[in-house]
Amino acid sequence: MLPVSEKTIRTSFVNASRKESGDLTLPVDFETLDWDALDYLGWRDPKIGRRAYAVVPTLEGELVGILFRQAEASPRSRAQCSWCQDVKLPNDVVFYSAKRSGKAGRNGNTVGTLVCQDFQCSRNVRRTPPLAYEGYDVEAARLQRIEDLQLRAAAFAAEV
């Protein structure tokens, strides 16, 4: 992901009011983020409980900011993240819903997804996968997981 400014982040939100995007708190480590290791920027708001944000690059290179609300209930069993689809997650997965943009969102329509609680997907897909069989190209599998994450995140952003 290419580095972005605070202003670009705040103006990228498609499903948030000006007040909501103005009130958002940037990640604590915003100034020191390793942008090369991110496929999207996602974080939980430390000041507003159950609120989270993601800024996702589309396939065309534009940025789509999404305001999420975490569901109050947790999944009953260990869930798999819809974005990174890592089967050996070192973190929890929660259900986030996002208001749709435009008139649909004003009418109360939402879309939801199961995502790593603190948006660790970029880190998860960059871990070296286990050797599946002799001759298995581990690096190609890792690169494919990164590409798949980018496609799934962009597809969700398009739904909002």
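Guide: Buried means under 20% relative accessible area, exposed means over 50%, and partly exposed lies in between (1.4 Å probe, protein chains only). This is a predicted model, where local features need pLDDT of at least 70, side-chain atom pairs count only at pLDDT 80 or more, and totals for chains, interfaces and linings use all residues. Residues are numbered from 1 along each chain as its sequence is written, and side-chain values use heavy atoms, with hydrogens and water left out.

Visitor: Is Cys121 buried or exposed?

Guide: The cut-off for buried is under 20% relative accessible area. Cys121 has 0% relative accessibility, so Cys121 counts as buried.

Visitor: How many disulfides does the structure hold?

Guide: The sulfur of Cys121 has its closest cysteine sulfur in Cys81, too far for a bond. The structure's disulfide count is 0.

Visitor: Which strands stand at the edges of the sheet?

Guide: Strands are DSSP runs (E, at least two residues), as are helices (H or I, at least four), numbered from the N terminus. Two strands pair if DSSP finds at least two bridges between them. The open sheet has 5 strands in the order S1-S2-S3-S4-S5, with antiparallel pairing. Each edge strand has a single partner, so one side is left without a neighbour in the sheet: these are S1 (41-44) and S5 (110-116).

Visitor: How many bridges join S4 to S5?

Guide: S4 covers residues 93-99 and runs antiparallel to S5. Ala98 has Val111 in S5 as its bridge partner. The number of bridges joining S4 to S5 is 7.

Visitor: How many aromatic pairs are there?

Guide: Rings of Phe, Tyr and Trp (its six-membered ring) pair if their centres lie within 6.5 Å; planes under 30 degrees apart count as stacked, over 60 as edge-to-face and the rest as tilted. By this rule, the count of aromatic pairs is 12.

Visitor: How far apart in sequence are the parts that the pair of Phe68 and Phe156 ties together?

Guide: Phe68 and Phe156 are stacked, 5.8 Å centre to centre with 20° between the planes. Both Phe68 and Phe156 are buried. Phe68 lies in strand S3 (residues 63-70) and Phe156 in helix H5 (residues 138-159), so the parts tied together are apart in sequence by 88 residues.

Definitions and conventions: Disulfide = S-S within 2.5 Å.
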